[in-house]
Amino acid sequence: MNTDLEKYYSLLDIFGAERISYHPSDKVDYSRDMWPRLAIQLRRGERLEEPDFIVWPMSSDEISKLLVLANKKNFPVIPFGAGSGVCGGAIGLSGAVICDMKKMDKMVDINVQSMLARVQTGVIGENFERELNRRGFTLGHFPSSIYCATVGGFLAMRSAGQASTKYGKIEDMVASLQAVFPDGTIITTKTVPHKATGPDINSLLLGSEGALAIITEVTLKIKPLPEARKFLSYTFGSIKSGLEAIREFMQEGVKPAIVRLYDETDTALTMNALGYEDVAGCLLMVIPEGREKIVELESEIVNKICVKSGGKDRGERASKHWLEHRYAISYRQSPILSSPKMILDTIEVVSLWRDIVPLYESMKSAIEPHATVMAHFSHAYPEGISIYFTVMTSAEGDEVKSYDDIWKAAMTACLKSGGVISHHHGIGRLKVQWLKAELGEGYKLLTILKKGLDPNNILNPGVLGLGE
Amino acid sequence: MLKKFEKEIEYCTYCPKMCKFSCPVGNATARETATPWGRMSILYLAKKGQKNWDRELAALVELCLTCMICREYCEHRNDVAAAMLAARAESISRGIVTKEVESFRAFFSKHDNPMGDDLHAHLQSHLASKYFVKEAQVVYFSGCSAIYQSPQNIADTFKIFEALGIDYVGAYPGKIQCCGAPLRFLGLEKEFVEHAKKVYRQLGRYKVIISGCPSCVYEFKAVYPEFDLKLTPRVYHITEFLWPFFQQGKVQIKRQYPKSVMYHDPCYLGRYLDIYEAPRKIIDEVCREQLIEFSWNRKSSYCCGGGGGLPITYPDVAKTVVQKRLAEFMEKKDAVLATACPSCQRHFSKHSSGIEILDVTNLVAWALEV
C-alpha cells in the first residue's frame with residue numbers, strides 16, 4: 001500500500017470518510033492563512049505547499065488518536081482554526097494533516113454565578129460573542145479578526161481585542177482549559193480565579209501557536225454587557241503629548257474600553273474621511289464603557305487630563321464613527337493585495353512608556369525607505385502601550401524580497417530600541433529569526449519544552465522556530 | 001458568464017474572510033473551501049488557469065444557499081450568491097452536470113414544477129372556484145411550494161381578501177404554477193429561460209401580481225426583466241400588499257392570537273426584496289404578545305437552509321443549517337414560529353416535529369376568524 005493510502009485508511013478509522021478530505025480544492029484553500037507574504041506569492045501565480053489531508057475532529061479523544069497516529073506514522077499535524085493569522089502560523093505543509101477545529105464549536109456551559117463560559121475552541125469569535133450577548137454577557141474581546149478567527153486561534157496567538165485596555169488580552173480572560181499534548185495525553189486544568197500550584201500550565205500553552213499542544217476547550221471570564229458608553233475624541237499637537245495624556249489617565253486607574261492615538265499620517269487619513277477640514281495633529285479616541293456612574297467618572301478624569309495636556313476636544317463624532325466601523329479597515333486589504341506589486345502588512349510591537357517614542361521614531365525611520373508607514377497606539381497599560389504600524393508600498397523589484405526587507409528593517413529597529421517584536425499577532429513562521437534575539441537564553445526553555453513534549457516534531461513544525 | 005464577477009472574485013480571494021462567521025454553509029460544514037472566501041478563491045484559480053473546471057469545482061459552487069448574508073458583512077458588497085449561480089450555469093454550459101442536478105432537470109421538465117404533481121389541479125382542490133376570478137387584472141400567484149406544501153396559506157389569503165372586501169384579486173389559473181426559480185438556482189439557465197417565457201406569456205396580461213412566495217416575487221420583479229421578460233412592475237409580496245389595509249384601519253381584528261410568535265425573516269423577502277417591517281407590523285397587530293426576535297434577525301437573519309437548491313444538492317448540509325436556525329427557537333417555551341415564505345415554512349416543517357410553523361397569513365386569518 002502506498003504511504004498516502006495507508007495514511008488515509010488510518011485516518012478513516014478515527015474520523016470516518018465524511019470528516020476527511022483530500023479534495024484538490026480543499027488542499028489549495030488550506031495551503032495558506034492570511035500571512036500577506038503568501039497572498040503575494042498567490043498573486044504571482046506560485047503554487048503554495050499543500051497538505052495531504054484535512055480532518056475535522058469532534059472531540060479531544062479524536063485529536064488524541066490523531067496525534068498518536070502522527071507519531072506512529074511520522075507525519076506533521078497542523079492545528080487550524082479559521083486561518084486568519086497573519087504570520088504563517090497555520091499553513092499547509094507537504095505531507096501534513098490539517099486538523100480543522102471548527103466542528104468543535106459548542107458552548108459547553110455558562111456559569112452565571114461565577115461569570116464563566118466554557119466553550120470548545122473551534123467556535124468563531126463573533127459567533128461566540130453573539131451567543132454571550134443574547135444571554136446578557138460579553139467576552140470583551142474584539143480583535144479585528146473576530147469575524148474570521150476562532151477562540152482557539154485567539155488562545156494560540158495570545159490575541160488582543162480592540163477593548164483590551166478594559167477587558168485585557170485573551171490570556172487575562174482564561175480560567176482553565178483542556179488541551180491535547182503531542183503524545184495524545186489530554187489534560188484539563190481546574191477552573192479557579194487564581195492558584196499557586198507551581199508554574200501555570202494555562203500560561204505555558206497560551207501563545208504556543210499549536211506547537212506544544214492543541215487547546216480544545218477553554219473556560220473564559222465573561223462580563224455583563226456594558227450599561228453605558230461615552231465617546232471622547234481629542235487632537236494633540238504631537239504623539240508625545242497624546243501619549244503623556246494616556247499614561248496619566250491609565251496611571252490614575254482609569255480603564256476605558258478603547259484607547260487609540262493616531263500619528264499625523266493616520267490622523268489625516270481618518271479625519272479627512274470624516275470630512276474634518278482641520279486635520280492637523282494626532283487624534284486620540286477614548287471610549288469608556290460599563291456601569292453608567294463609573295463611565296461618567298472615567299470620562300470626567302480622561303477629559304480633564306486630555307485638556308490639561310493640550311488636547312483639543314473634538315466631541316464624540318470621531319470615536320463614534322470609529323466604533324460603528326470598527327472592522328472596516330480589514331476590508332481595505334483586498335483591493336490593495338489583489339493589485340500587482342502592492343505590499344501591505346501590519347506590525348504590532350510593545351514597550352514601556354520610557355521607550356515608546358524612541359521606538360516609534362526608530363521603527364518609522366527604518367521602514368520609511370521601503371514603504372509608506374503610519375501608526376496608531378492602542379492597548380494601553382499603566383506601564384506602557386503597543387504600537388500598530390501599517391506599511392504599504394508598490395514594490396519596484398521582487399515583491400517578496402521587498403516584503404522581507406520591510407520586516408527585516410522593522411524588526412531590527414524594534415529590537416535595537418527596546419521594543420518587543422509582537423504584542424498580539426504572534427510569531428508564526430514570519431518572525432522566527434527575531435524571536436531568538438527577543439527571548440535570548442529564554443528561547444532555550446521553548447526548545448526544551450518542544451523536545452520533551454514533541455520529540456518527533458509532529459505538531460505544527462516550524463512555528464516559533466521549533467521543530468525545524 | 002463569470003466575466004462580470006472578476007473584481008468580486010479577486011476581492012474575495014484577497015480578503016481575510018470577513019464574512020466567514022455569517023455563512024450558514026461555512027458554519028455547517030466547518031470547511032474553509034465551503035465559505036464564500038473558499039469558493040471564490042477556487043474560482044480565482046480557475047480564472048488564472050491554475051485549477052481545472054471539473055466536477056469537483058462544479059460540486060463546490062453548489063455549496064451556497066444564495067442567502068446573501070455574506071454581502072451584509074462585505075464592505076465591497078460582493079455578490080457571491082450571483083457569482084455562484086453564474087458559476088453553476090458555467091459548469092452546465094461546459095457539460096459538467098452533477099447527478100443531483102441532472103435528475104432534477106429531468107423531473108422538472110416532466111412536470112413543469114419541482115414537486116412532481118399537477119399543481120393546477122392541486123390548487124383547484126384547495127381553493128373555491130369563486131376565487132378564480134375571470135378577467136381579473138390583479139392576480140395572486142400561489143407558487144409551487146405553497147400549493148404543494150402549505151395550501152392553507154392560499155386559502156387563508158383569499159379568505160382575508162374576502163373579509164377585507166377585496167374582490168378584484170383572482171387566483172392565477174394557468175397550468176404552470178412555478179416561477180422557475182429552482183431551475184435557476186441549480187444553474188439550469190437555458191431551461192429556466194424557456195420556462196420563464198411560458199409563465200411570462202400567461203402572466204403578461206396582469207396589471208398587478210401578488211404572491212405569498214418571496215422567491216416568486218423576486219423572480220418576477222428582478223430576474224425575468226434580466227431576460228427581457230418584463231412583467232408589470234407592480235409585483236407585491238402578500239405582507240407588502242396587506243399592510244396598508246392595516247395602516248388605513250380597514251382590518252377589523254376580532255381576536256388576537258394568544259401565543260408568543262417568533263418571526264423568521266426569509267432571505268428572499270428580506271435581503272433580496274428589502275421587506276423587513278411589513279410582516280413584523282402585521283404580526284404586532286394580530287398577536288397579543290410582543291413578537292420575539294431571533295438574535296440573527298433582519299439583514300443578518302440566518303437562512304433556514306432551504307435556499308439555493310441546497311436541499312437537492314446537499315441535503316445533509318441543508319439539514320444542519322435548519323437545525324442551527326431552529327435551536328434558538330427551541331429554547332422558547334410555548335412559542336410558535338412564523339415566517340412569510342412557504343419554502344422556509346416547508347423546510348422548517350420537514351426538519352422538526354411538534355412545533356407550530358405558521359405563515360403570517362395564517363395568523364391574520366385566525367385574528368379575523370375567517
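**Entry 1: a bridge in the sheet**

Which residue is the bridge partner of V349(A) in β20(A)? I looked it up in the model, which is a predicted one, and the partner is I387(A). Then I checked the two strands around that pair. β18(A) and β20(A), the latter covering residues 384-394, run antiparallel to each other and are joined by eleven bridges. A reminder to myself: strands in a sheet pair through hydrogen bonds of the backbone, in a parallel or an antiparallel way.

**Entry 2: the whole sheet**

Next I followed the sheet from one side to the other. It is an open sheet of seven strands in chain A, and the order reads β17-β13-β15-β14-β19-β20-β18. The pairing is antiparallel. I wanted the edges too: they are β17 (312-313) and β18 (342-352) of chain A, and each of them pairs on one side only.

**Entry 3: helices on the sheet**

Helix α10 of chain A, residues 239-251, lies across β13 (232-236), β14 (258-262), β15 (282-287), β19 (372-380) and β20 of chain A. Its direction is at about 165 degrees to β14(A). Helix α15 of chain A, residues 353-367, packs on the sheet as well and touches β18, β19 and β20 of chain A. For α15(A) the angle with the direction of β20(A) is about 5 degrees.

**Entry 4: a helix tucked away**

I went back along chain A to helix α3, residues 36-43. Six of its eight residues are buried, so the rest of the structure largely encloses this helix. I noted the names: P36(A), R37(A), A39(A), I40(A), L42(A) and R43(A). Two arginines, R37(A) and R43(A), are on that buried list. What covers these residues? The cover includes α14 (333-337), β18 and α16 (399-416) of chain A, and β18(A) is the edge strand from my sheet notes. Just after α3(A) comes G45(A), with a positive phi of about 85 degrees.

**Entry 5: domains of chain A**

Chain A is split into domain 1 (3-100), domain 2 (107-224), domain 3 (228-326) and domain 4 (330-430). I looked at how the domains 1 and 2 meet. Their centres, taken over C-alpha atoms, are 23 Å apart. In the contact, 14 residues of domain 1 of chain A meet 19 residues of domain 2 of chain A. On the domain 1 side, helix α4 of chain A (residues 60-73) gives the largest share, seven residues. By class, that side has six nonpolar, seven polar and one charged residue.

**Entry 6: chain A as a whole**

I zoomed out. Chain A has 18 helices and 20 strands. The radius of gyration is 23 Å, close to the 23 Å that the globule rule gives for 468 residues, so chain A is as compact as a globular protein of that length. The C-alpha trace spans about 75 × 60 × 40 Å along its principal axes. Of the 468 residues, 53% count as buried.

How values were computed: Residues are numbered from 1 along each chain as its sequence is written. Chains are lettered from A and ligands numbered from 1 in the order in which they are written. This is a predicted model: local features need pLDDT of at least 70, side-chain atom pairs count only at pLDDT 80 or more; totals for chains, interfaces and linings use all residues. Two strands pair if DSSP finds at least two bridges between them. Helices (H or I, at least four residues) and strands (E, at least two) are DSSP runs, numbered from the N terminus. Two residues are in contact if their C-beta atoms, placed from the backbone, lie within 7 Å. Axes are lines fitted to C-alpha atoms, for helices over the stretch in contact, and angles run from 0 to 180 degrees between N-to-C directions. Domain bounds come from an automatic or database domain assignment. Ala, Val, Leu, Ile, Met, Phe, Trp, Tyr, Cys and Pro count as nonpolar, Asp, Glu, Lys and Arg as charged, and the others, Gly among them, as polar. A residue is buried if 20 or more other C-beta atoms lie within 10 Å of its own, exposed if 12 or fewer, and partly exposed in between; C-beta atoms are placed from the backbone. The radius of gyration is taken over C-alpha atoms; the globule rule is 2.2 Å times the number of residues to the power 0.38.
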